[in-house]
Amino acid sequence: MTEIRVVLADDHTIVRKGISALLRAAAIDVVGEAGDGRELVRCVRDLRPDVALVDLSMPRLDGLEAVRRIARRHPETRVVIVSVFDDAEYRICAQRAGAWGYVRKDEASDRLIDVIRRVMSGEVCLPVDGGAEETQLDALTPREREVLQLIAEGRKNAEIAQMMNRSVHTVRNHRARLMRKLGVRSGSDLVRVSAERGLIRLGAPPKGLTT
Amino acid sequence: MPVKIAIVDDHALVREGLNQFLNGRPEVEVVGTAADGRSAVELAGRLRPDVILLDMAMPGLDGLSAISQIRQSAPSTRILILSMYDDPEHTRAAIERGASGLVSKASPPDELIAAIEAAAAGETLVPGVRLSPREREVLGRIARGEGNAEIAAVLSIRLKTVEGYCGSLMRKLDTHTRAGLVAHGRRLGLDCPN
């Protein structure tokens with residue numbers, strides 16, 4: 001089994017060395033370390049890790065901008081934010097910047113390792129109210145995120161099915177699961193809550209849409 | 001003989017990480033960890049570590065009160081603050097209450113180990129400055145306005161020795177005047193007898 005390759009970015013050197021030691025003990029390969037945003041982007045460019053663990057409060061090119069650059073230039077590297085901050089605002093910003101996961105520093109190392117493994121298997125781990133149970137519910141698969149975005153654009157099930165090359169039955173299942181995960185009972189609530197949590201991009205609706 | 005240390009930080013990831021990392025270093029041995037000030041005081045009293053690494057920004061019992069209480073429950077335990085910032089006021093308040101000094105979380109690991117060993121040896125350290133126990137004592141007395149002759153008498157050492165300490169202190173603190181020493185001593189909170 002190939003080890004997961006990780007780059008770790010935090011300006012608190014001692015904290016970084018500590019997390020690095022924990023990951024190595026869990027057979028996760030720490031291939032690089034960075035102390036600021038610029039170094040981080042360089043590291044990702046040169047080493048192409050599977051995951052980048054990023055502390056948001058770093059000097060010289062702030063964490064969020066670094067995350068955006070990585071998401072844009074090296075989308076195969078999945079970013080997990082590791083932060084002392086416990087703010088819904090931060091998590092939404094992180095998600096919008098392209099992060100796959102968000103872990104607080106007051107959570108145990110098991111949680112960080114769990115999130116790294118989940119993100120590697122394609123799950124988005126961005127808890128809104130904190131707590132592992134919440135994350136179980138809120139973690140959306142890439143397919144679910146795709147469906148959610150199309151629903152937000154106002155498309156009907158049949159249209160979504162055609163675009164995703166799936167049956168309408170499958171699309172309805174995804175919609176139901178989305179509503180359950182996000183705790184809503186209607187399509188419009190689904191869009192509203194998703195927008196609030198920054199899970200979808202709301203822009204101008206596509207042409208040809210009848211309101 | 002490895003220095004016995006305890007790690008206190010409310011962030012689990014930081015605490016576990018430090019534990020894992022420091023356990024791999026031969027210079028130290030982690031004997032316990034705690035996630036808040038009150039537990040830290042308990043731990044100090046029970047395990048009597050040589051040095052406690054204490055994060056200041058914790059909820060519940062604040063760091064400064066924890067320092068005072070640890071000094072009471074475990075007087076032989078040295079306290080080293082792990083800080084996220086380099087705030088002189090912070091440092092002064094901590095040393096005033098009896099901490100050995102402060103190490104920034106941005107320091108490289110070797111610096112942390114060196115700081116732990118220095119604290120265990122009774123030294124006082126703030127970023128850039130390391131004072132021996134005797135130097136700390138003399139600087140404290142200078143800051144309180146005592147003259148060299150007085151200091152020599154109280155400490156039962158020769159006047160020349162006291163003058164020697166003044167010299168090394170001036171060098172370490174980068175000042176040419178006694179007033180400068182007084183200022184540094186007060187800045188570090190050494191003017192309050194502890």
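Modeller: Helix α1(A) lies across β1 and β2 of chain A, and its direction makes an angle of about 170° with β2(A). This is a predicted model, so every value here is computed from predicted coordinates.

Strand β1 of chain A covers residues 5-9, and strand β2 of chain A covers residues 29-34. These two strands run parallel and are joined by five bridges. One of the paired residues is A:Leu8, whose bridge partner in β2(A) is A:Glu33. Between the two strands the chain passes through α1(A), residues 13-25, and this β-α-β crossover is right-handed.

Five strands of chain A form an open sheet with parallel pairing, in the order β2-β1-β3-β4-β5. In general, strands of a sheet pair through backbone hydrogen bonds, either parallel or antiparallel. In chain A, β2 and β5 (101-104) stand at the edges, and each has a single partner strand, so one side of each is left without a neighbour in the sheet. Neighbouring strands of this sheet are turned by 20° against each other on average, with direction ignored.

Helix α2 of chain A, residues 37-47, lies across β1, β2 and β3 (51-54) of chain A. Its direction is at about 145° to β2(A).

Now for the other surroundings of α1(A), namely chain B. In the contact between the chains, 18 residues of chain A meet 18 residues of chain B. On the side of chain A that touches chain B, α1 and α5 (109-120) of chain A each supply at least two residues. The most comes from α1(A), which gives nine residues to that side. By type, the residues of chain A on that side divide into nine nonpolar, four polar and five charged.

Chain B itself is divided into domain 1 (3-126) and domain 2 (133-187). The centres of domain 1 of chain B and domain 2 of chain B, taken over C-alpha atoms, are separated by 27 Å.

To put the part together: α1(A) lies across β1 and β2 of chain A, and α1(A) also gives the most residues to the side of chain A that touches chain B.

How values were computed. Residues numbered from 1 in each chain as written. Chains lettered and ligands numbered in written order. Predicted model: local features only at pLDDT ≥ 70, side-chain atom pairs only at ≥ 80, totals over all residues. Pairing = 2+ DSSP bridges. Helix = DSSP H or I, 4+ residues; strand = E, 2+ residues; numbered from the N terminus. Right-handed = clockwise from strand over helix to strand, strands pointing away. Axes fitted to C-alpha atoms, helices over the stretch in contact; angles between N-to-C directions. Contact = placed C-beta atoms within 7 Å. Domains from an automatic or database assignment. Nonpolar A, V, L, I, M, F, W, Y, C, P; charged D, E, K, R; others polar.
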